[in-house]
Amino acid sequence: MQILNLDWKDYHMHSTNFSDWTSSIDEMVKFAWWLWFSEIAITDHSDIAMEKAFPILWNKWFPPRVNLSRWKNVFNDVNVIFWVEWDLVNECWDICSTIQWIEQDFIILSAHIWVYEWNSESITNWYINAIERFHKKIKFIGHPCNSRCFSKYVDIKKLIEVCNTYNIPMEFDATDLIRNNTDIEKLHSMLKWAKYVYVNSDAHSLYEFKHNREIAFKFLKDNNYL
Ligand SMILES: [Zn+2]
Ligand SMILES: [Zn+2]
């Protein structure tokens with residue numbers, strides 16, 4: 001197993017500009033510099049996740065996503081990437097890949113229990129189907145060991161095998177660990193057998209951004225993965 005972001009790079013967090021964090025993109029970018037980060041990816045939720053999980057937010061006005069093309073980091077040298085957290089949706093093999101109905105090129109592939117409409121037992125097949133179709137766009141699999149979502153139903157060995165075949169990294173989600181939303185047994189399987197792993201904050205606040213990855217790295221050290 002190789003961790004791809006041992007240095008100051010975090011590829012999973014959300015903003016108030018487009019989803020459910022507590023700070024704006026500008027605030028996050030300024031804070032990232034203060035924390036020594038060199039690169040961050042802001043990975044807001046897909047349209048369907050917003051509509052189903054945050055109906056109040058869904059009705060809120062958000063700045064038009066197209067205006068991101070006019071945004072530049074004027075504060076510091078942190079490289080800022082904008083991806084989207086895709087959602088596995090239903091038995092028709094649909095995926096929600098849009099923010100403000102705009103297709104996003106690079107993605108985290110995640111499954112959220114409040115979005116997914118089909119039976120939970122189908123989730124492994126769903127992941128595999130999506131990976132086979134979209135592996136060129138998938139940057140990593142988001143929080144596959146999340147016990148609030150589907151870890152109980154995920155055949156983690158099968159998922160690891162398919163990810164390894166396509167060289168797709170899997171995510172160790174630091175916030176899930178801290179919030180006790182992690183299936184520890186499956187996490188160990190992933191850390192032992194996955195070819196590539198990202199350790200990301202999945203932060204929804206500046207506090208989580210600052211602290212959570214550190215705790216995940218401590219877990220890795222305590223368990224002799226580092
Ligand atoms: Zn997620
Ligand atoms: Zn997320």
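Modeller: A residue is buried if 20 or more other C-beta atoms lie within 10 Å of its own, exposed if 12 or fewer, and partly exposed in between, with C-beta atoms placed from the backbone. The model is predicted: local features need pLDDT of at least 70, side-chain atom pairs count only at pLDDT 80 or more, and totals for chains, interfaces and linings use all residues. Residues are numbered from 1 along each chain as its sequence is written, while chains are lettered from A and ligands numbered from 1 in the order in which they are written.

Colleague: What does Gln100 count as, with 14 C-beta neighbours inside 10 Å?

Modeller: Gln100 sits in the loop between strand 6 (98–99) and strand 7 (102–103). Helices (H or I, at least four residues) and strands (E, at least two) are DSSP runs, numbered from the N terminus. Because 14 falls between the cut-offs of 12 and 20, Gln100 is partly exposed.

Colleague: Which positive phi does Trp36 have, although it is not a glycine?

Modeller: Trp36 is in the loop between helix 1 (25–34) and strand 3 (39–45). Trp36 is exposed, because 9 other C-beta atoms lie within 10 Å. Its phi is about 80 degrees.

Colleague: Is Trp83 buried or exposed?

Modeller: Trp83 lies in strand 4 (residues 79–88). Contacts, meaning C-beta atoms placed from the backbone and within 7 Å, join Trp83 to residues including Ala41, Thr43, Phe106 and Lys139. Since 20 C-beta neighbours lie inside 10 Å, Trp83 counts as buried.

Colleague: Which residues does Phe75 touch, not counting residues up to four places away in sequence?

Modeller: Phe75 is placed in the loop between helix 3 (55–58) and strand 4. With 14 other C-beta atoms within 10 Å, Phe75 is partly exposed. Its contacts are Val29, Lys30 and Trp33.

Colleague: Which residues have the most contacts inside the largest nonpolar core?

Modeller: A nonpolar core is a set of buried Ala, Val, Leu, Ile, Met, Phe, Trp, Tyr and Cys residues joined through C-beta atoms within 7 Å. The largest has 62 residues.

Colleague: Which residue is the bridge partner of Asp173 in strand 11?

Modeller: Strands pair if DSSP finds at least two bridges between them. Strand 10 and strand 11 run parallel and are joined by four bridges. Met170 and Phe172 point one way from strand 10, Glu171 and Asp173 the other way, and all are buried. The partner of Asp173 is Asn200.

Colleague: How are helix 4 and helix 5 oriented to each other?

Modeller: Axes are lines fitted to C-alpha atoms, for helices over the stretch in contact, and angles run from 0 to 180 degrees between N-to-C directions. Helix 4 (residues 123–134) and helix 5 pack at about 5 degrees, with axes 10 Å apart. Angles under 35 degrees count as roughly parallel, over 145 as roughly antiparallel, 65 to 115 as roughly perpendicular and the rest as oblique. The two helices are therefore roughly parallel.

Key:
Two residues are in contact if their C-beta atoms, placed from the backbone, lie within 7 Å.
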